[in-house]
Structures are given as structure tokens and as C-alpha cells.
Amino acid sequence: MQAEKRLSTEIDANVPTAARMYDFYLGGKDNYAADRAAVGELDKVVPSTRRLALNNRRFLQRVVRTLVQDYGVRQFLDHGSGLPTQDNVHQIAQRVAPDSRVIYVDNDPMVLVHGRALLDQNDRTAVIHADMRATEEIFSHPDTRRLLDFSQPVAVLFNSVFHCIPDSDTDGPTAVVKRVTERLAPGSYAVMCQLVSEQAEVRDFVTDFMNRATQGNWGRVREPKDVEAYFEGMEILEPGLVEVSTWRPDTDVVPRQLTDEWIEFGGLGRIR
């Protein structure tokens, strides 16, 4: 399985990564010329991507706050967490409940470097350098075992990451979700969303472009029905699976994308 390959700790500034491109869209500084050039090319066909990225980040902040405030969650396992930016999962959760514990997982070596620097003084968080598909490695990691109690509810996050991995019977999104959720206590939660499009030409262009730009570190843009399949067997909480800017918005004035050639689609499920 691809997830079992040894991950490189070398940062290649010449090959764009999804994490660094996302960082650029959010206004971050942890990206290179190759990432910015890829963003420029992507924007020619899907110009709504910056707003989409911002709305996705706001969704993550709202759903984490909701899990802590409304559902009493104190444990988070964030798959494909990306580069640290403003209001990370542990900051949102610990602002409400200081005893909240967070494990971040990412395969980008830059995330490991910056994440560990950020979390150096926070003993309730840790960053694991691993592929999000390496479930056994993640769950058996010493930091995971130290911080998370899987006999109690845990919120697992797959926020805007499944489009980064291809379909596979053993390592595709549906298989990963099944492997992870079967290890969780009843009453745990799953936050999942990914890039989708109803337009086949958009799905094909972005999938091909990102696969070439990242040298194969990409999956595909999917359809809403694919995301719905991830939640099979779970109780999907209100307002259901939606374009994420409309998931429990803080105000009635929701910042919308200017175009909708693709959207971030998903929601929150409770494991029975």
C-alpha cells in the first residue's frame, strides 16, 4: 500500500504541495514560488478557489467549536491537518475547554517542522509525520497513545483532504473512514468534506492538473454522492451534508463563492 512507503523528511521547494497551496490561499507565508505558480494556473479555470479555501477554514473553526461547546468533545484526531495558520484546532478547542487534546497528522515535512515549533509549549497536542491512510501507524504512535483515550468519544477530522488520495479498495477514502471509525467508541464524531463538482470537465481538469503539479500526490475531485458514501452507517447531524459555508453559519450573511464550478461539500457525522 502507498501509505506504507517511508515518508521523506526533505522539503522540495520545486514541487507544489496541496498544504502549501492551501497556505497561500489563506494568506500564509509558508509557501514557495512553485506553489504560487500552481495556484495561478489553477485560478485560470477555477477562480473561486481562494474564497472556497477561506470558507473551508471557517467551517473547520465552526465545527470544532460546536463539537466542544455543544457535544462535549475533548479529543481530536486531525488527518491531513496542513500548515499551522490562525485559529488551529487546538487553539479553538482549548479556548473553550483547556483540557482538550489534539493529534495532528500530515505527510508534508514542512508541516512537521512548523507544527512542532508551534506546539512545543503545549503538552496537550502533538504532530505526527504520517500518511493519513496509515491508520495502524497513527493509532499506535506513542503520542496518540499518550494523548487520546479511545474508550471515550473522539472527533476525527478529514477536512478537505480526501481529494488528495486516489480511489482504492484498501487505501481510498471509504476504506480509510471504515478503518478509522471502527476503532472509535460509540458517540464519537467524524468531520469530513472534500472538493466536488457537478461538472465533469472541471473534475477532469483539476484532477489532471493537480496530479501533474504535485507529481502524483493527488487523488481526484469527486461528486457529492461520493462524499455521502463516506458517512454510511453514521447519524448525519443538522444541517446535513452541504456546501460548507452554509453549515451552521455564525450569521445570516454567509460569504458566498463568486462562482460555483466546484465547492467544498461535507458535514458532521456521529458514530452509533
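Biologist: What should I know before I start?

Modeller: This is a predicted model, where local features need pLDDT of at least 70, side-chain atom pairs count only at pLDDT 80 or more, and totals for chains, interfaces and linings use all residues. Residues are numbered from 1 along each chain as its sequence is written, and side-chain values use heavy atoms, with hydrogens and water left out.

Biologist: How many cavities of 30 Å³ or more does the structure hold?

Modeller: Rolling a probe the size of a water molecule over the atoms shows where empty space is left. A cavity is a set of points, on a 1 Å grid over the protein atoms alone, where a 1.4 Å probe fits but cannot get out; lining residues have an atom within 4 Å of a point. Points are joined across faces, edges and corners, and a volume is the space filled by probe spheres set on them. Here there are two cavities of 30 Å³ or more.

Biologist: Which residues lie nearest the centre of the largest cavity?

Modeller: Those are Ser81, Gly82, Pro84, Asn88 and Tyr104, out of 15 lining residues. The volume of the largest cavity is about 110 Å³. Helix α5 gives the largest share of its lining, four residues; helices here are DSSP runs (H or I, at least four residues), numbered from the N terminus.

Biologist: And what lines the second largest cavity?

Modeller: Its volume is about 50 Å³, and its lining includes Ala19, Tyr22, Asp23, Arg57, Ser81 and Gly82. Helix α1 (residues 18-25) gives the most, with three residues.

Biologist: Which residues of α1 are buried?

Modeller: Buried means under 20% relative accessible area, with a 1.4 Å probe and protein chains only. In α1 the buried residues are Ala19, Arg20, Met21, Asp23 and Tyr25. They pack against α2 (33-45), α3, α5 and α9 (200-213). After α1 comes Gly27, with a positive phi near 90°.

Biologist: How do I read a nonpolar core?

Modeller: In soluble globular proteins, nonpolar side chains tend to be buried together. A nonpolar core is a set of buried Ala, Val, Leu, Ile, Met, Phe, Trp, Tyr and Cys residues joined through side-chain atoms within 4.5 Å. The largest one has 31 residues, and Leu77, Ile103, Val156, Phe158, Phe162 and Met192 touch the most other members. A second, separate core of 27 residues includes Ala97, Tyr104, Tyr189 and Leu268.

Biologist: What is Met192 in contact with, leaving aside its neighbours within four places in sequence?

Modeller: Contact means heavy atoms within 4.5 Å. The partners of Met192 include Phe158, Phe162, Val177, Tyr230 and Phe265.

Terms used:
On a 1 Å grid over the protein atoms alone, a cavity is a set of points where a 1.4 Å probe fits but cannot get out, and a pocket is an open set with protein on both sides within 12 Å along at least five of seven lines; lining residues have an atom within 4 Å of a point. Helices (H or I, at least four residues) and strands (E, at least two) are DSSP runs, numbered from the N terminus. Buried means under 20% relative accessible area, exposed over 50%, partly exposed in between (1.4 Å probe, protein chains only).
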